[in-house]
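Welcome, and please take a moment to look over the model below. The report that follows walks through it part by part.

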Amino acid sequence: MTEKNRYFVSGDEAVALGTRLARPHVISAYPITPQTIVVERLSEMVEDGSLKAEFMHVESEHSAISAAMGVSSVGARSFTATSSQGLLYMAEGLHYASGGRFPVVMMNANRATALPWSIFGDLRDSLSQLDSGWIQVYVEDAQEALDMMIQAYKIAEHKKVLTPFMVNLDGFVLTHTYEEVEVPDQEMVDQFLPPFETPNKMSIEKPMNMGFSTSPADNMEFKFQQHKAMMDSIAVIKEVDQEYGDMIGRYYNGMIDTYQCDDAEVILMTLGSVTGTARVVVDALRAKGLKVGLLKIRYMRPFPEKEIQEVVKNAKVIGVLDKDISFGFEGTIYTNVNSALVRMQSHPQSYNFVAGMGGRDVSKADIEEMFMDLLHAAKGEEIERVKFINMGVEING
Amino acid sequence: MNRPKVTEFKKAKHINDYPTGPGFQGGHLVDKNAGWRTFRPVIDKDACVNCLICYMICPDGTIYKSDDKVDIDYDFCKGCGVCANGCNVNAIKMVKEEL
């Protein structure tokens with residue numbers, strides 16, 4: 001690694017750099033805060049010739065995803081990016097792309113959903129689309145964002161997977177924060193990521209009838225295939241992570257990552273950039289002799305059921321930090337984690353912390369409060385099952 | 001006849017028999033589709049000047065070039081009458097189907 005490969009960039013710029021290395025043929029995207037810089041940088045790269053791609057100016061996110069599918073259907077590599085309301089406007093196309101087995105890669109800047117209108121970060125946009133059949137990864141920092149853009153294509157286009165892939169970055173906290181990143185050499189990435197090949201390809205030589213309808217006699221089989229492809233992608237995700245690390249030098253531990261979990265009595269689970277803050281809190285509490293651990297969930301789909309079970313099996317209590325809420329029940333990550341827990345013969349008690357919605361900061365003090373709650377629960381004390389952290393006003397009574 | 005043939009439909013036995021996603025080779029016909037035809041177009045080969053307008057305008061692509069000017073694939077013709085309407089020499093008549 002040389003000095004010239006090190007750049008000081010924002011999360012959005014890291015996404016653009018990673019995407020360029022993956023050599024997409026067409027970029028079809030509509031700008032939306034806080035994703036805009038991704039699209040701006042890519043359009044500059046197309047303009048200055050450093051990225052040989054078509055840049056399609058589409059009139060909406062619905063068109064962006066539709067164009068991306070069209071690109072994929074002729075065997076070309078496509079990229080799009082969006083956020084929040086834009087992702088929701090794409091919702092119809094999300095199911096279409098996954099059902100058509102078009103391995104589109106998309107960056108999503110996690111942002112609150114209206115109303116109240118907000119441009120700031122939380123996870124209610126992408127988590128509301130968990131069932132759309134896309135692989136979803138949540139990255140912690142700009143370097144992981146860049147690396148995952150490259151891995152995303154390799155995983156999505158794998159012949160056993162052929163499933164679209166969403167790379168999620170926390171709005172502003174990650175998209176607009178500048179960090180130093182290492183940019184791999186193009187030759188190395190070319191070696192890692194072969195050209196896209198797919199059985200779902202329109203061509204003159206082999207004409208196809210694509211995207212057809214089915215009667216009830218066949219529809220479920222196609223849906224089962226999608227499910228199987230997603231389940232099979234777990235092994236592919238791990239292989240690709242290993243191969244990427246071997247070639248480029250950074251490993252992300254596949255489906256989840258852990259910190260100080262081996263002897264932990266209580267474990268907190270996080271997604272995305274807040275994991276970095278939580279790691280600092282773990283260090284501080286460990287220094288006081290408290291047995292706390294941190295589990296970073298990287299993928300929400302496919303869900304890391306086995307990986308989570310293996311890590312938490314010796315813990316007394318676990319907590320899940322949700323920057324989202326499914327109104328009328330609990331945080332969506334918590335629901336998913338609980339489903340993995342109840343499949344264990346015996347499992348730790350679990351608690352939910354709802355925090356950081358609509359761009360509210362999640363501070364070290366907030367995370368310490370979560371860990372202290374979990375430690376109290378581990379001693380048998382009663383704590384709230386679903387707790388809203390750092391509310392500005394009294395909410396009880 | 002340069003046209004896809006109707007082949008027998010084979011029900012998939014294993015999930016791997018399905019294509020990856022709803023896409024398959026073009027022209028794979030497993031069924032005829034002409035059951036709702038009430039009038040059938042009949043070409044008067046003596047009147048026909050082989051201008052190929054009917055071949056061009058058939059909305060279902062059921063008229064094809066043949067050794068004897070043009071012929072109609074009655075397995076797929078729906079009897080819409082566009083060809084008869086478009087024929088400049090009145091060489092196509094719509095004849096009521098007998099049940």
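How many bridges join strand E2 of chain A to strand E4 of chain A, and do these strands run parallel or antiparallel? There are 2 bridges between E2 (residues 26–29) and E4 (residues 78–83), and the two strands run parallel.

## Before you read on

This is a predicted model, in which local features need pLDDT of at least 70, side-chain atom pairs count only at pLDDT 80 or more, and totals for chains, interfaces and linings use all residues. Residues are numbered from 1 along each chain as its sequence is written, while chains are lettered from A and ligands numbered from 1 in the order in which they are written.

Helices (H or I, at least four residues) and strands (E, at least two) are DSSP runs, numbered from the N terminus. Two strands pair if DSSP finds at least two bridges between them.

## The sheet in chain A

Strands E2 and E4 belong to an open sheet of 7 strands in chain A, ordered E3-E2-E4-E5-E7-E6-E13, with mixed pairing. At its edges are E3 (54–57) and E13 (299–301), each of which pairs on one side only. On average, neighbouring strands of this sheet are turned by 20 degrees against each other, direction ignored (axes are lines fitted to C-alpha atoms, for helices over the stretch in contact, and angles run from 0 to 180 degrees between N-to-C directions).

## Two domains in chain A

Chain A is assigned domain 1 (3–248) and domain 2 (256–388); such bounds come from an automatic or database domain assignment. The centres of these two domains of chain A, taken over C-alpha atoms, are separated by 28 Å. Their contact takes 27 residues from domain 1 and 18 residues from domain 2 (two residues are in contact if their C-beta atoms, placed from the backbone, lie within 7 Å).

On the domain 1 side, helix H6 (124–127), strand E6 (135–138), strand E7 (165–170) and helix H9 of chain A each supply at least two residues. H9(A) gives the most to this side, with 5 residues. The residues of the domain 1 side divide into 17 nonpolar, 5 polar and 5 charged. Here Ala, Val, Leu, Ile, Met, Phe, Trp, Tyr, Cys and Pro count as nonpolar, Asp, Glu, Lys and Arg as charged, and the others, Gly among them, as polar.

## Where the chains touch

A:Met210 stands opposite B:Gly23 in E1(B).

## Chain B and confidence

Chain B has 2 helices and 5 strands, which run β-β-α-β-β-α-β from the N terminus on. The C-alpha trace of chain B spans about 55 × 30 × 20 Å along its principal axes.

Chain B averages a pLDDT of 93, and 98% of its residues score at least 70 (pLDDT is the predictor's confidence in each residue, from 0 to 100). Among the elements of chain B, E1(B) has the lowest mean pLDDT (91), and helix H2 (residues 82–86) the highest (98). For the complex, the predictor gives an ipTM of 0.84 and a pTM of 0.93.
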